[in-house]
Amino acid sequence: MYAIFLKVLNNDDSKERKNMTVYLSDGDGETWKYKRIIDSRTSLSYPDVDFYNGYIYLTYDFERTGANEILFVKFTEDDIMNDEYEFKNSVGEYHSLPTK
């Protein structure tokens, strides 16, 4: 049996901080089969993740020197694997993108 791993990147782009992205591996971290962009905007930073009762809790900020927003998203491993799932942040906005 393989362990499931999760990684979060706030800069899935080589030039700027954009695309808050979660990756899920069901193969001990050797491959990252699932990738979902949680928020596609720029100026995203400082992701932090916690796990409780089957849920993944992600907090991050948007425009630290502009909008000054701290956002929260709650989801499951199944949500990452489901291409149809819409990630909705704590202020009720959708900024996610399909990755295919």
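The structure, which is a predicted model, holds two salt bridges. Side chains of opposite charge can pair when their charged atoms come close. One of the bridges joins Arg41 to Asp39, and the closest N and O atoms of this pair are 2.8 Å apart. Both partners, Arg41 and Asp39, are buried. The other bridge brings together the side chains of Asp61 and Arg64, with 2.5 Å from N to O. Here the two partners fall into separate classes of accessibility. Asp61 has a relative accessible area of 6%, and therefore counts as buried, because the class covers residues under 20%. Arg64, in contrast, has a relative accessible area of 49% and is partly exposed.

The strands provide the next step. Strands of a sheet pair through backbone hydrogen bonds, either parallel or antiparallel. In this model, three strands form an open sheet with the order 1-2-3, and their pairing is antiparallel. Strand 1 (5-9) and strand 3 (34-42) are the edge strands, since each of them pairs on one side only. From one strand to the next, the twist averages 10 degrees. Between strand 1 and strand 2 (residues 18-25), the antiparallel pairing runs over five bridges. Within this region, Leu9 stands opposite Thr21 of strand 2.

Glu16 is found in the loop between strand 1 and strand 2, and its relative accessibility of 38% makes Glu16 partly exposed.

The loop between strand 2 and strand 3 contains Asp28. Phi of Asp28 is near 60 degrees, which is a positive value in a residue other than glycine. With a relative accessible area of 35%, Asp28 is partly exposed. A further positive phi, near 65 degrees, belongs to Ser43, again a residue other than glycine. Ser43 has its place in the loop between strand 3 and strand 4 (44-52). The relative accessible area of Ser43 is 35%, so this residue is classed as partly exposed.

The discussion now turns to the interior. In soluble globular proteins, nonpolar side chains tend to be buried together. The largest nonpolar core of this model has 15 residues, and those with the most contacts inside it are Ile38, Tyr60, Phe75 and Ile80. Strand 2, strand 3, strand 5 and strand 6 are the elements that give two or more residues to this core. Which strand gives the most to the core? Strand 5 does, with four residues.

Tyr57 lies in strand 5 (residues 55-62), whereas Phe72 lies in strand 6 (residues 69-75), so their pair ties together parts that are 15 residues apart in sequence. Tyr55, Tyr57 and Phe72 form one aromatic cluster.

Finally, some rings have a lysine over their face. Lys74 lies over the face of Tyr55, at 4.1 Å from the ring centre. Elsewhere, Lys7 lies over the face of Tyr23, at 5.0 Å from the ring centre.

Definitions and conventions: Residues numbered from 1 in each chain as written. Predicted model: local features only at pLDDT ≥ 70, side-chain atom pairs only at ≥ 80, totals over all residues. Heavy atoms only, no water. Phe/Tyr/Trp six-rings, centres within 6.5 Å; stacked < 30°, edge-to-face > 60°. Lys NZ or Arg CZ within 6 Å of the ring centre and 35° of its normal. Pairing = 2+ DSSP bridges. Axes fitted to C-alpha atoms, helices over the stretch in contact; angles between N-to-C directions. Salt bridge = Lys/Arg side-chain N within 4 Å of Asp/Glu carboxyl O. Buried < 20%, exposed > 50% of the residue type's maximum accessible area, 1.4 Å probe, protein only. Core = buried A, V, L, I, M, F, W, Y, C linked by side-chain atoms within 4.5 Å.
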